[in-house]
Amino acid sequence: MSKVNVDFFTPTGEQQGIASEKPFRKTGQAAISETPLHPRRKSRRINVGPVPVGGGAPISVQSMTNTATTDINGTLQQIAELAAAGCDIVRVAVPSQDDADVLPIIVKKSPIPVIADIHFQSKYVFQAIDAGCAAVRVNPGNIRKFSEVGPSICKAATDAGISLRIGVNAGSLDKELYEQYGGPTPEALVASALKEAHMFEDVGFRDFKISVKHHDPVTMVQTYRLLASKGDWPLHLGVTEAGPAWQGTIKSCLAFGSLLAEGIGDTIRVSLSAPPVEEVKVGCKILEYLGLRERHFDIISCPSCGRAQVDVIQLASAVTEGLKDITAPIRVAVMGCIVNGPGEAREADLGVASGNGKGQIFIKGKVIETVPEDQIVPTLLEHAHEIASQMQENGEIPTTATGPVVVPIQGGVHSAE
């Protein structure tokens, strides 16, 4: 990689951005900290910039840029897209000196907190802290001479008031533990996490969260359950190398759903072989459907079956595409027959019950018109945009992304700003 032009980020004023005091944008609507399914596991509180993690705070969604960090404009553009999709925290890779050198600029201009992802070279950890990063992800298992530099890292993080993440992955498990346990088993991964956590705690550092990722969702769930029983650390959930979008989404939904439904997990990152924005969309929807985040735009559509008198697949796809930019919390029902159609359409904000070459259009439970089949899609789109516009005028749509609002929790009561 070619060296970045040093003159571009001479450490003066606007370009430096170290210890930036810029306000981060608040994300989303009212905070939701508890799922209806199970009380949250009690964990201690840390902060990633202004975003609280653990201690009953709303579960935050993270992602990681896939741009070259030295591509400052490209990286910032992707961060902006992630923030707009509902991302609360973003991680950037720092594999080289060039990447470390541009961190002050990225931190200064990012609308959400930046975590530096560090492996092998401890010197980049100190540079990331000096650059004003909100947190640093370290893997003690691959940091050279971590037992020697670990205390200095903890002191630097304490002095800067930032947190750290211990990242244990099945693919980079310590060789001794691998041999002792016969592979990256839940017991091996937890043993590694405990060893590294104690390194930090032995020098008095407690502002860290832990991840113990595995590509297999069953092993991942078993590992987090075991780790959750060992202490009160905030836990960062992830299925590592989950795979392409379709496969990885299923793995993540299974693993995250199992753990979050048990109250385990304080922040999540969906890992997909797909654009990072897709990771955020999946993460936000997982939280929405578990009742851990305010539900936003949603489409209900019936499966294709022999009762359907319209092409439900085509109809639902056309409505989804036509409303892809809607951010209003509207529920739209696209139904293809008279069995469940009227009931589902009646319960939605906007819906259609189709059959016999026509569609009954419902708004807030009432039939407002009946249109020919070829007019169902344009009619639904028109009404959806009218409803969204009215909600906008009434101040019912947040002007920011869909994440949890940054809130303090006092006296055990969750209050939204």
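# Briefing on a predicted protein chain

The protein chain has 13 helices and 17 strands. Please keep in mind that this is a predicted model. Of its 417 residues, 53% count as buried. The notes below start with the chain as a whole, then visit an annotated site, a helix pair and several individual residues.

**The chain as a whole**

- The protein chain exposes about 18,300 Å², and 52% of that area is supplied by carbon and sulfur atoms.
- If you take the contacts between residues at least 6 apart in sequence, 66% of them join residues at least 24 apart.

**The annotated binding site and its surroundings**

- An unreviewed UniProt entry places the feature "binding site" at C302, C305, C337 and E344.
- C305 sits in the loop that runs between β11 (298–301) and α11 (312–322). Its relative accessibility is 32%, so C305 counts as partly exposed, falling between the cut-offs of 20% and 50%.
- C337, also named in that UniProt feature, belongs to the loop between β12 (331–335) and α12 (341–347). C337 counts as buried because its relative accessibility is 10%, and buried means under 20%.
- With 84% relative accessibility, G306 counts as exposed.
- Although 31 residues separate G306 and C337 in sequence, their C-alpha atoms are 9.5 Å apart in space.

**Helices α3 and α4**

- Helix α3 covers residues 97–109 and helix α4 covers residues 122–130; their axes come within 9 Å and cross at roughly 10°.
- The two helices, α3 and α4, are therefore roughly parallel to each other, since angles under 35 degrees count that way.
- On the α3 side, the contact is made by Q97, A100, D101 and L103, while α4 contributes K123, Y124, Q127 and A128.
- Sorted by class, this contact of α3 with α4 has 4 nonpolar, 2 polar and 2 charged residues.

**T75, a buried residue in α2**

- T75 lies in helix α2, which spans residues 72–85. Its relative accessible area is 0%, so T75 is buried.
- Setting aside residues up to four places away in sequence, T75 touches T65, T67, A68, T69, V92 and I106.
- One of these partners, V92, is 17 residues from T75 along the chain, and the C-alpha atoms of the pair are separated by 8.5 Å.

- A242 is found in the loop between β9 (236–237) and α9 (245–261). At 0% relative accessibility, A242 counts as buried.
- Beyond its neighbours within four places in sequence, A242 is in contact with Q247, G248, K251, S252 and S271.
- A242 and H214 are 28 residues apart in sequence, with a C-alpha to C-alpha distance of 8.6 Å.
- S271, one of the contacts of A242, lies in the loop between β10 (267–269) and α10 (276–289). S271 counts as buried too, with 11% relative accessibility.
- Leaving out residues up to four places away in sequence, S271 touches K213, V239, E241, A242, G243 and E279.

**Two loop residues with a positive phi**

- As background, most residues other than glycine have a negative phi. The next two residues are worth a look with that in mind.
- N356 is not a glycine, yet has a positive phi of about 55°. You can find N356 in the loop between β13 (350–355) and β14 (358–363).
- With a relative accessible area of 62%, N356 is exposed, as the cut-off for that is over 50%.
- K364 is not a glycine either, and has a positive phi of about 50°. K364 lies in the loop between β14 and β15 (366–372).
- K364 is exposed, its relative accessible area being 57%.

Note on methods:
Residues are numbered from 1 along each chain as its sequence is written. This is a predicted model: local features need pLDDT of at least 70, side-chain atom pairs count only at pLDDT 80 or more; totals for chains, interfaces and linings use all residues. Side-chain values use heavy atoms; hydrogens and water are left out. UniProt positions are given in the numbering used here, feature names are shortened, and annotations may be inferred rather than shown by experiment. Helices (H or I, at least four residues) and strands (E, at least two) are DSSP runs, numbered from the N terminus. Buried means under 20% relative accessible area, exposed over 50%, partly exposed in between (1.4 Å probe, protein chains only). Axes are lines fitted to C-alpha atoms, for helices over the stretch in contact, and angles run from 0 to 180 degrees between N-to-C directions. Angles under 35 degrees count as roughly parallel, over 145 as roughly antiparallel, 65 to 115 as roughly perpendicular and the rest as oblique. Contact means heavy atoms within 4.5 Å. Ala, Val, Leu, Ile, Met, Phe, Trp, Tyr, Cys and Pro count as nonpolar, Asp, Glu, Lys and Arg as charged, and the others, Gly among them, as polar. Accessible areas come from the Shrake-Rupley method with a 1.4 Å probe; for residues, only the protein chains shown count as cover.
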